[in-house]
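Welcome, and please open the structure in your viewer. We will go from stop to stop, selecting a few things at a time.

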Amino acid sequence: MDFNTLVPGRAGLAGIDADALLVIVVGTKTPAELDGPLAAALGEAVKGGDFAFKAAQVLYAHRVSGVKAPRVAFVWAADAGAKAMRRAVTAGVALVKSGGAAHLAVTVAGAPLTDAAAEALVLAAHDATYVYRATKPSAPAAAKLARLSLVAAHAAEEKPLAAGLARGRAVAAGVALARECANRPANHCTPSYLAEQAVKLGKSRGLKVEVLERRDCERLGMGSFLAVAQGSEQPPKFIVMRWQGAGKGAAPLVLVGKGITFDTGGISIKPAAEMDEMKFDMGGAASVLGTMCAVAEAKAHINVVGLIPACENMPSGRAVKPGDVVKSLSGQTIEILNTDAEGRLILCDALTYAERLEPAAVVDIATLTGACVIALGHHRSGLFSPDDELAGELLAAGDAALDPAWRMPLDEEYDEALKSNFADMANVGPRAGGAITAAMFLRRFTAKLRWAHLDIAGTAWRSGTNKGSTGRPVPLLTRWVLARAGAEGKAEGKAEGKTAKAVKATKPAKAARRATRANKG
Ligand code: BES
Ligand code: MN
Ligand code: ZN
């Protein structure tokens, strides 16, 4: 879909040339700035009992006299914040998308629009019109809706709104890519397919992409990743994607995505019910692809590396068995007590690989544990990090992007659960606190890193009649990377001695970082 801003001419809203006009009404009365014919239509609807200034109120009207746009939709919103805008646009687009409108103009009456709201609006419009069709020829035809114009109240508003729309467009492209990958069944979306997608994305958006094959991983010593891969006929792929938006010497952010294209559980096989949903077990990988896409689309001034260990977790005569001991890339050995706890086994080698990139920070993203779904449900992702500053950045990014996370603990007491008599650690502990012990396992591989872990088992996809990938946490990750890119730009200014204020602001942050590192050691 195309997005742009529009400043109404002398004729005002009623004179806007579009196929449909969506008026988002904020507040408890007809907004004063609404044009005559629109105010009259809304007033009459209120009088007739067809609209009220409260939640879930929508009104569709055809050929309102005095209004140029042939279709008019009114939707109520509590305020003009990003969350309320998302809800209102979702409802508004639902009213017009099945009709003949190709060009929708959206206006907010009763409160000023912010760039954050504009960003949310783009995502909501994309979400409301997304249809999966890669393996479903009978899927409904694409909606006619192809263009959305955001009406700015005056010319000064246009620039920030356009910036919000641009950010929204970048995130929406990333979310769409993540959803498309994750929704594809596992006989289509194999590790090789993920590698192809990465290469394709690299070509179209200017990323450097490298794919390590099984023998490359063997040479490196990724014994843990390869142990999971060995039960499958599908060759594993270790994907490395680089976005270079800053100088060569600038330390990159590294995103690591769990890329299990199907999780049967392996020899510790899963029950049949809902096993199909384990095609979504590459949701972390999909979010890394999506975020790399968004960051490149936004041309962010920062270096970002995406790492995706990709393989299937299958039972077979060659598969890893409960009790097998393998040696990870870090040199630490692991007793695989449960082959269904495979995500941590592929992530630990990727996290060790990340060390050689000398990153500023590393975030891994994984559909890691059913226990996280029990803890947090489907609204917030689980966030784990020993680093308060990094955790704060990610939580703030999630809240701002309407893709929220919730911090979970990592006390050393939880580490007890991973003790093994036959290796440096076991890959599972008892059932209780399963999301935390999984994170504690990963923590054993991140002592040299500023690291955070996102457990997206409850947020990466929806079950039931609406089954499908959500594209989360691409919005959170993109927001975080872009915020980092902004902060980095300011830090460069500092180095040139531009602002004394910026120096003061960053110094305590650096000290805090050092302190966190010292605590870890
Ligand atoms: N991919 C699953 C986690 C998962 C399960 C996500 C259900 C969403 C819904 C992961 O590989 C897994 O199987 N985890 C096990 C760990 C256990 C064996 C310690 C789990 O959560 O049951
Ligand atoms: Mn599993
Ligand atoms: Zn899994």
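Start by selecting Ile334 and Met425: Ile334 stands opposite Met425, which belongs to strand 17. Keep in mind along the way that this is a predicted model.

Next, show strand 13 and strand 17. These two run parallel and are joined by 2 bridges. In general, strands of a sheet pair through backbone hydrogen bonds, either parallel or antiparallel.

You have an open sheet of 3 strands, in the order 12-13-17, with mixed pairing. Strand 12 (324-327) and strand 17 (425-426) are at the edges with a single partner strand each, so one side of each has no neighbour in the sheet.

For the next stop, select the zinc ion (ligand 3). Which protein residues are its donors? They are Lys258 (NZ), Asp263 (OD), Asp281 (OD) and Glu342 (OE), at 2.0 to 2.4 Å from the zinc ion. The site has 6 donor atoms with angles of 78 to 175° among them, and is octahedral.

Along the chain, the donors of the zinc ion have the spacing K-x4-D-x17-D-x60-E. Lys258 sits in the loop between strand 9 (253-257) and strand 10 (259-263), while Glu342 sits in the loop between strand 13 (333-336) and helix 9 (343-355), so this pair ties together parts 84 residues apart in sequence.

Are they buried or exposed? Lys258 is buried, at 1% relative accessible area, and Glu342 is buried, also at 1%.

Terms used
Residues are numbered from 1 along each chain as its sequence is written. Chains are lettered from A and ligands numbered from 1 in the order in which they are written. This is a predicted model: local features need pLDDT of at least 70, side-chain atom pairs count only at pLDDT 80 or more; totals for chains, interfaces and linings use all residues. Side-chain values use heavy atoms; hydrogens and water are left out. Donors are N, O and S atoms within 2.8 Å of the metal (3.2 Å for Na, K and Ca); water is not among the atoms, so sites may look incomplete. Four donors count as tetrahedral if all angles lie between 85 and 135 degrees; four count as square planar and six as octahedral if opposite donors are over 155 degrees apart and all others between 65 and 115; anything else is irregular. Helices (H or I, at least four residues) and strands (E, at least two) are DSSP runs, numbered from the N terminus. Buried means under 20% relative accessible area, exposed over 50%, partly exposed in between (1.4 Å probe, protein chains only). Two strands pair if DSSP finds at least two bridges between them.
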